[in-house]
Amino acid sequence: MAAVTNTSSIRTTTDPQFDLVKQVRSHEVAVAELNNLSSSRPVYQKNGNLFFRTTIQKATTSEQKQLDLAKAKLERLHSP
C-alpha cells in the first residue's frame with residue numbers, strides 16, 4: 001500500500017515568514033490566556049530551560065513585548 005502525501009501542505013522549516021507568524025499567534029494566545037486568569041492564580045514564566053514564578057502582570061508584559069518584537073520582525077520582512 002502506497003502512502004499519498006499532499007506536498008503543497010508541507011511547509012519547510014526554513015520559511016522565516018511562516019515561523020514568525022507561528023510566533024505571533026503563540027504570543028497572542030499566551031496574552032489572551034494570561035488576561036483570563038484570576039489574580040490569585042500562580043503563574044510560571046520560562047526563562048531559558050527553567051520556570052520561575054511571577055505575577056500575571058509581569059508575565060503579560062513580557063509576552064506583549066515578545067509579541068511586539070515578533071510583529072516588528074514580520075513587518076520588516078514584508079517591507080521592501
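Me: Before anything else, what counts as a pocket here?
Reply: A pocket is an open set of points, on a 1 Å grid over the protein atoms alone, with protein on both sides within 12 Å along at least five of seven lines. In this structure, which is a predicted model, the largest pocket has a volume of about 240 Å³.

Me: Which residues are closest to its centre?
Reply: The lining of the largest pocket consists of 13 residues, and those closest to the centre are A30, L34, Y44, Q45 and E63.

Me: And which elements supply the lining?
Reply: At least two lining residues come from each of α1 (16-35), β1 (43-47) and α2 (56-78).

Me: What's the split by class?
Reply: The lining of the largest pocket is made up of 7 nonpolar residues, together with 3 polar and 3 charged ones.

Me: How much of it is buried?
Reply: Of the 80 residues in the chain, 20% count as buried.

Me: Which of its residues are buried?
Reply: The buried residues of α1 are L20, V24, H27, A30, V31 and L34. They cover an arc of only 130° around the axis, so they sit on the same side of α1.

Me: What do they pack against?
Reply: The buried residues of α1 pack against β1 and α2, while A30 and L34, both buried, are also among the residues closest to the centre of the largest pocket.

Me: And what's on the face turned away?
Reply: That face of α1, turned away from the buried side, carries K22, R25 and E33, which are exposed.

Me: Switching to T54, where is it?
Reply: T54 belongs to strand β2, which covers residues 50-54.

Me: Why does it count as buried?
Reply: T54 has a relative accessibility of 19%, and since buried means under 20%, T54 counts as buried.

Me: Which residues does it touch?
Reply: Leaving aside residues up to four places away in sequence, T54 touches V43, Q45 and A59. Of these, Q45 is also one of the residues closest to the centre of the largest pocket.

Technical notes: Residues numbered from 1 in each chain as written. Predicted model: local features only at pLDDT ≥ 70, side-chain atom pairs only at ≥ 80, totals over all residues. Heavy atoms only, no water. 1 Å grid on protein atoms, 1.4 Å probe; cavity = no way out; pocket = protein on both sides within 12 Å on 5 of 7 lines; lining within 4 Å. Points joined across faces, edges and corners; volume = space filled by probe spheres on them. Helix = DSSP H or I, 4+ residues; strand = E, 2+ residues; numbered from the N terminus. Nonpolar A, V, L, I, M, F, W, Y, C, P; charged D, E, K, R; others polar. Buried < 20%, exposed > 50% of the residue type's maximum accessible area, 1.4 Å probe, protein only. Arc of directions from axis to C-beta. Contact = heavy atoms within 4.5 Å.
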